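Me: I would like to learn how to read a protein model feature by feature. Please give the general idea each time, then the case at hand.

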Amino acid sequence: MNGCLYCGHTDLRPWRKDCRDCFMGLPLVVSYARCANCGSAQQSPIPSDTAALYADYPIHRPRSKAYNRLRSFLFSEVYFDASGLGAEQRLLDYGCGDGWYLKSLGAQHQHVYGYEYSAPHARELARSLALPVTASLDELKALEPQGFDVITLHFVFEHVTDPAPLLARLAGCLRPGGRIFIVIPEAESWESRLFGVFWHGLDPPRHISFATHQGMQLAAKSAGLTIAAKKPLAFPNTFAGSLATLPGGTFHPMLFNLLLPLGLLVAHLRPGGSVAYTLTRSS
C-alpha cells in the first residue's frame, strides 16, 4: 500500500470507492483513501503511469479569443494576480495547460515561462505563444539560474503522483523570498460532501490526491517552505459541473454552460470548492 503522499504515514482508510470517469468517460474505476494522520486523500493505489489519462485532454485544447476573455473575467480571482510584479521579476507557470494564462501575462511582463509535462505539447505552446515553455525543469533553471520570484500551479497539484517531492524541486527553483501559488479543489468542502462521487472537483482518474491544510503544511515544511496564506475561492466550475453530471452520472457540456451562471452565484455566496495556498521561501 502507498504511504500518504503528503506526510508519509501508512494508515490510509477508505474514503471514496468505485469512482468512475464522469468527465471524459475513460473505462477506469478508481478508489480513494484518506490519511489517518493529516487527513489528505489520494487514489489507492497510486497509478504508476498517468500519461494515457490525458490523451485528447480537452483542457489542453486551444480556445477562442472570446472564450479566453470570458474566462479571464469570470476566473480572475482564481489565478495569480501578477499586476504587482516588478519589471525584472520572474514568473513560472507550472502546468500551463492551453497557455492562456501565460499569454495574458506576456504583453505586460517580459520574464514569464511555462512548464508542461508533455514535451510535444510544451513545444507547441512555445511555438504558438512565442514564449519559453519546456518540459524540463533543468532547462528552466539554466534559463533563470537565479531562480523565479513566483511559481504558479493552477489546478495542477492534484494531478501529480509526487506532490511533496515536487514542492521540494520547485522550492529549489525559487529566489530567496519567492512564492509558490497553488490552487487545488478542496476535498473537505461542502460541495465535495454534497455531491460525493459525482463532485466535479474529484475528476477521477486524473486527480490523484487532495491535500488538507495539515498535509500541505507538512509537505511545505519538508521543502523549506511555509504557508503564508490560504484563501477559499469563488470558482463556479465545480458546482456547475457537478450539477451537469448528476443526470446519468455523465458530464454534459451544454448543461454545464447553462448552469455556469448559477455556479458563479453560488460560488460567490459560498466560496470554498477550491482553495489557493501561497507558500513562501525564507529570505
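Me: What should I know about the model before starting?
Reply: This is a predicted model, where local features need pLDDT of at least 70 and side-chain atom pairs count only at pLDDT 80 or more, while totals for chains, interfaces and linings use all residues. Residues are numbered from 1 along each chain as its sequence is written, and side-chain values use heavy atoms, with hydrogens and water left out.

Me: In what order do the four strands of the open sheet stand?
Reply: First the terms: helices (H or I, at least four residues) and strands (E, at least two) are DSSP runs, numbered from the N terminus. Two strands pair if DSSP finds at least two bridges between them. Here the order is β1-β2-β3-β9, with antiparallel pairing. β1 (12–20) and β9 (209–210) each have a single partner strand, so they stand at the edges and one side of each lacks a neighbour in the sheet. Inside the sheet, β2 (residues 29–35) and β3 (residues 41–43) are joined by three bridges, and Tyr32 has Gln43 in β3 as its bridge partner.

Me: How do β7 and β8 run, parallel or antiparallel?
Reply: Strand β7 (residues 148–154) and strand β8 (residues 174–185) run parallel, joined by six bridges. Thr152 stands opposite Phe181 in β8. Together with helix α5 (residues 163–171), the two strands make a right-handed β-α-β unit; right-handed means that, with the strands pointing away from the viewer, the path from the first strand over the helix to the second runs clockwise. β8 also pairs with strand β11 (residues 274–281), in the antiparallel sense and over seven bridges. There, Phe181 has Thr278 as its bridge partner.

Me: Which residues of helix α1 are buried?
Reply: An α-helix has 3.6 residues a turn, so residues three or four places apart point the same way. Buried means under 20% relative accessible area, exposed over 50%, and partly exposed in between (1.4 Å probe, protein chains only). In α1 (residues 65–74), the buried residues are Asn68, Arg71 and Leu74. They cover an arc of only 135 degrees around the axis (taken from the directions from the helix axis to the C-beta atoms), which puts them on the same side of α1. Lys65, Arg69 and Phe73 are exposed on the other side. The buried residues pack against α2 (100–106) and α9 (253–269), where contact means heavy atoms within 4.5 Å.

Me: How many aromatic pairs does a search of the whole structure find?
Reply: Rings of Phe, Tyr and Trp (its six-membered ring) pair if their centres lie within 6.5 Å; planes under 30 degrees apart count as stacked, over 60 as edge-to-face and the rest as tilted. The search finds 19 pairs. In one of them, Phe23 and Phe251 have ring centres 5.1 Å apart and planes at 70 degrees, so the pair is edge-to-face. Phe23 lies in the loop between β1 and β2 and Phe251 in the loop between α8 (237–243) and α9, so the pair ties together parts 228 residues apart in sequence. Phe23 is partly exposed at 23% relative accessibility, whereas Phe251 is buried at 12%. Ring pairs also link Trp15, Tyr32, Trp199 and Phe210 into a cluster.

Me: Where is Gln108 found?
Reply: Gln108 is in the loop between α2 and β5 (112–115). Its relative accessibility is 57%, so Gln108 counts as exposed.
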